[in-house]
Amino acid sequence: MSSTATIGLPCMLMRGGTSKGAYFLAGDLPADPRERDQLLLRVMGTPDPRQIDGLGGAHPLASKVAVVSRSAAPDADIDYLFLQVGVEAPTVSDRQNCGNLLAGVGPFAVERGLVPAGDVRTRVRIRMVNSGSLATTTFPTPGGVIDYSGETAVSGVPGTAAPVVLDFADTEGAVCGSLLPTGNVRDEIDGIAVTCIDNGMPVVVVAAGDLGVSGYETPAELAADAVLRERVQSLRLAAGKLMVLGDVRDASVPKTTLVAPPREGGAISTRTFIPLRPHDSIGVLGAVTVATAVLLEGTVGHDLARLPAPGAAMGIEHPTGRLDVGIDLDTATAPPRVHRSSLVRTARKLFDGTVFPRTY
């Protein structure tokens, strides 16, 4: 990396799904992870609750980074490393994937010349470096040019944009090593029934009623409940050990998702903490994992769900709408196997240029 890279870095700011992040080519960042992370903290303006001196949006959903490069893997075109940058704390975590920023990785790869655009649409095979899982993204490129405009709406995002189809493979146990890392469909922590599951995102699923809430509260109402926050933290700390994640006090996983019966025609209603701040919607792989959980008999949430017909998409309700997830699940095996997961997101290029990290 040239010395001038510490003064100005090529960067593209993109919205991917319901998240926003800074996208970089791997070659434009330091090769040493520690040096890279220190640079990204300065790029995003962390630590500072406002991130006033950087690109961060003062929220975990807008303090994200995608690092992209050509892949040497025979079954992938692109490698994608996701980094969650803290807001108030100077942390950079690679312990999870981000399916929302993933929606922008294919278009970014075409924009940067890593993948040629098709005449009608482009298909990009992506290795998610954080877990080694594979995803395929397909998006419109009429005439060999990316078209971000379209009529697809995503709950939690104003307006419409072009559809980005995401297909996932090999996500079960992506972080914990197995779909049900405790070996059980249901465990008990602090007297509360939970399901600990990982289909691309480690999640602790708990019935909202068991924590004294309805599961239909707004994120602001949940954030104001200090007692609930303490109980969520207690659950996730204990679950982290059960899920072979160790001490997760300073980690972004596992997430905790409260579930309740659906109200808006979906399969299940959710409220998610990331890890202690209530999510305004739900993450892509978090939704995939929760959908997988409620399909399994005996799990927390299975008896609360209104399951669709076999093969139909699962509607995961969240505070700002709904996310429809397709799950190809084989429950005839023990443990169950996930063959494939899929959903539709949108993405949009917001800015392309040079970012100047603070130097103090």
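User: By class, how many nonpolar, polar and charged residues does the lining of the largest pocket have?

Analyst: The lining has 16 nonpolar, 16 polar and 8 charged residues. Ala, Val, Leu, Ile, Met, Phe, Trp, Tyr, Cys and Pro count as nonpolar, Asp, Glu, Lys and Arg as charged, and the others, Gly among them, as polar. This is a predicted model: local features need pLDDT of at least 70, side-chain atom pairs count only at pLDDT 80 or more, and totals for chains, interfaces and linings use all residues. Residues are numbered from 1 along each chain as its sequence is written, and side-chain values use heavy atoms, with hydrogens and water left out.

User: What is a pocket?

Analyst: Rolling a probe the size of a water molecule over the atoms shows where empty space is left. On a 1 Å grid over the protein atoms alone, a pocket is an open set of points where a 1.4 Å probe fits, with protein on both sides within 12 Å along at least five of seven lines; lining residues have an atom within 4 Å of a point. Grid points are joined across faces, edges and corners, and a volume is the space filled by probe spheres set on the points. Here the largest pocket has a volume of about 820 Å³. Its lining holds 40 residues, and Pro60, Ser252, Ile274, Pro275 and Leu276 lie nearest its centre.

User: Which element gives the largest share of that lining?

Analyst: Helix 5 does, with 4 residues. Helices (H or I, at least four residues) and strands (E, at least two) are DSSP runs, numbered from the N terminus.

User: What is the volume of the second largest pocket, and what lines that pocket?

Analyst: The second largest pocket holds about 220 Å³ of space. It is lined by 13 residues, and the closest to its centre are Thr18, Ser19, Leu61, Gly156 and Val157. The lining divides into 4 nonpolar, 6 polar and 3 charged residues.

User: Where are the cis peptide bonds?

Analyst: One joins Thr46 and Pro47, with omega about 5°. Pro47 lies in the loop between helix 1 and strand 3. Another joins Val253 and Pro254, with omega about 0°. Pro254 sits in the loop between helix 4 and strand 12.

User: How many disulfides does the structure hold?

Analyst: A disulfide is a pair of cysteine sulfur atoms within 2.5 Å. The structure holds 0. The sulfur of Cys98 is 15 Å from the closest cysteine sulfur, in Cys11, so it is too far for a bond. For Cys196 the closest is in Cys176, at 8.5 Å, also too far.

User: What does Thr256 touch?

Analyst: Contact means heavy atoms within 4.5 Å. Thr256 lies in strand 12 and is buried, at 0%. Not counting residues up to four places away in sequence, Thr256 touches Val204, Val206, Val232, Arg236, Arg271, Thr272 and Phe273.

Note on methods: Buried < 20%, exposed > 50% of the residue type's maximum accessible area, 1.4 Å probe, protein only.
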